[in-house]
Amino acid sequence: MSDAEDFSDGEPCSLREVLGLVGDKWTMQILVRLTDGPRRFSELEHGIEGISRRMLALTLRNLERNGLVTRTVYAEVPPRVEYAITPHAAELDEPLHALSAWASKHRAIVGEARRAYDATKAS
């Protein structure tokens, strides 16, 4: 069975597929934001730099499909929709925050290494 197939027949997802899902740059940022509690679409949109409305909607739908996020629609006027992480996605809290902290701490070093590399390859 291919990793790209839909596992609607009850077969589990491959490890590569699950790691690809949680390792996506938008997925990681969304899950980190949701570890602090449910959020509305607009809160996520304004809290994640560079994500488009379309990409946010697609990523949230994919996370919901894969059981990492729940979507709750409240019968209010105007309608209110909140997204929250599921209990098993909450287990990602510590590793995602650790990875985010590492990225924040080392982003200047990574940027400098990229500039140095590009400078040597441009010659």
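This section describes the salt bridges of a predicted model. Four salt bridges were counted.

Glutamate 45 pairs with arginine 53. The closest N and O atoms of this pair lie 2.8 Å apart. Glutamate 45 is buried, at a relative accessible area of 17%. Arginine 53 is exposed, at 53% relative accessibility.

Glutamate 82 is buried, and its relative accessible area is 17%. This pair does not stand alone. Glu76, Arg80 and Glu82 are linked in a network of salt bridges.

Within helix α6, which spans residues 93-122, glutamate 112 and arginine 115 form a salt bridge through their side chains. The N to O distance is 3.3 Å. The two residues are three apart in the helix, so about one helical turn separates them. Arginine 115 is exposed, with a relative accessible area of 52%. Glutamate 112 is partly exposed, at 44%. The value for arginine 115 is over the 50% cut-off, so this residue counts as exposed. Glutamate 112, at 44%, lies between the 20% and 50% limits and is therefore partly exposed.

Key. Residues numbered from 1 in each chain as written. Predicted model: local features only at pLDDT ≥ 70, side-chain atom pairs only at ≥ 80, totals over all residues. Heavy atoms only, no water. Buried < 20%, exposed > 50% of the residue type's maximum accessible area, 1.4 Å probe, protein only. Helix = DSSP H or I, 4+ residues; strand = E, 2+ residues; numbered from the N terminus.
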